[in-house]
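Please open the model in your viewer and keep the selection panel at hand, as this tour moves from one group of residues to the next.

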Amino acid sequence: MSELRGKIDFVVLVSATNANPNGDPLNGNRPRENYEGYGEISDVCVKRKIRNRWQDMGQKIFVQSDDRSDDGFKSLKDRAEGCQPFREELQKKKGADRDRCMEIVCQEWLDVRSFGQVFAFKGVGDVSLGIRGPVSIHQAVSVEPVDIISMQITKSVNSEAKEGKASDTMGTKHRVGFGLYMIKGSVNVQLAEKTGFSQEDAELLKEALKTLFENDASSARPEGSMEVCRLYWWQHEEKMPAVSTAKVHRSVKVERKEDRTASFADYEISYTDPGCVEPEVYDFV
């Protein structure tokens with residue numbers, strides 16, 4: 001694997017049409033929104049989808065969803081112990097070498113060397129290991145306030161028939177009519193050098209962002225309701241470019257056109273050169 005050439009910044013524009021991009025479990029699974037009414041998708045949700053895409057690409061992932069586990073392990077502790085070099089290092093009588101432990105887990109799992117991870121499992125060893133990953137992702141925020149639509153539904157959830165009661169139960173389903181969300185992120189070279197995040201890993205990240213919602217359909221997000229519309233990808237040649245990440249992210253501006261069709265075409269997307277390398281631009285609409 002080759003070393004990361006330079007710092008990376010990226011911006012992804014994502015549309016949601018009659019979908020729940022990221023439900024809030026503490027608010028009846030309503031789509032997340034801030035106090036101003038702008039829709040939100042948590043960074044944890046975005047990272048989960050990236051991990052899922054990496055699994056689809058055949059990469060080894062440490063933090064897996066239960067329904068997508070592909071290695072037979074039922075917990076993070078089991079998965080950590082299932083890595084023989086890591087287990088052997090923890091079982092050393094003189095104590096585990098933290099640097100060696102970090103090297104092993106970063107080589108083993110792509111999401112660990114990308115996002116970082118805390119290894120603190122009781123009974124696994126006497127070392128508590130915290131790893132900072134080079135890939136940082138903001139929570140996505142919609143470019144405009146979103147309208148949340150709620151619909152009453154009936155669903156069959158009773159496992160046993162009860163005399164005098166129907167098998168259906170009332171419920172509520174929520175969705176966003178239409179929203180355009182902006183995901184921002186970057187890759188730090190200094191942290192990449194510590195975890196071993198490579199240029200090839202960066203390409204895998206780019207590919208995951210391009211196809212973020214493949215194999216992600218559900219009742220809340222029907223197939224085709226979530227779409228990656230455009231990706232801006234800045235591959236700098238310097239570890240610390242003269243232009244800050246904040247300025248790079250602000251260079252992408254989104255303005256609404258007069259005509260409204262509840263689609264990505266409603267918006268005028270412009271880019272103002274912040275004084276750095278030109279971005280790679282990928283259009284999917």
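Which residues form one aromatic cluster with Phe-62? Keeping in mind that this is a predicted model, select Phe-62, Phe-86, Trp-109 and Phe-119, which together form that cluster.

A search of the whole structure finds 8 aromatic pairs. Phe-62 belongs to the loop between H1 and helix H2 (76-81), while Trp-109 belongs to the loop between helix H4 (98-108) and helix H5 (110-115), so the pair ties together parts that are 47 residues apart in sequence. Phe-62 is buried, with a relative accessible area of 0%, and Trp-109 is buried as well, at 3%.

Next, select Tyr-232 and Tyr-271, whose ring centres lie 6.3 Å apart with planes at 25°, so this pair is stacked. Because Tyr-232 sits in strand E11 and Tyr-271 in strand E13, the pair ties together parts that are 39 residues apart in sequence. Tyr-232 is buried, with a relative accessible area of 3%, whereas Tyr-271 counts as partly exposed at 24%.

Now go to Tyr-282, where Lys-210 lies over the face of the ring, at 4.0 Å from the ring centre.

Finally, select Ser-42, found in the loop between strand E4 (38-41) and helix H1 (43-56). Ser-42 has a relative accessible area of 17%, and because buried means under 20%, this residue counts as buried. A polar atom of the Ser-42 side chain lies 3.1 Å from the backbone nitrogen of Cys-45. Leaving aside residues up to four places away in sequence, Ser-42 touches Asn-22, Arg-32 and Gln-139.

Conventions:
Residues numbered from 1 in each chain as written. Predicted model: local features only at pLDDT ≥ 70, side-chain atom pairs only at ≥ 80, totals over all residues. Heavy atoms only, no water. Helix = DSSP H or I, 4+ residues; strand = E, 2+ residues; numbered from the N terminus. Buried < 20%, exposed > 50% of the residue type's maximum accessible area, 1.4 Å probe, protein only. Polar contact = N/O pair within 3.5 Å; in protein donor to acceptor, adjacent residues only side chain to side chain. Contact = heavy atoms within 4.5 Å. Phe/Tyr/Trp six-rings, centres within 6.5 Å; stacked < 30°, edge-to-face > 60°. Lys NZ or Arg CZ within 6 Å of the ring centre and 35° of its normal.
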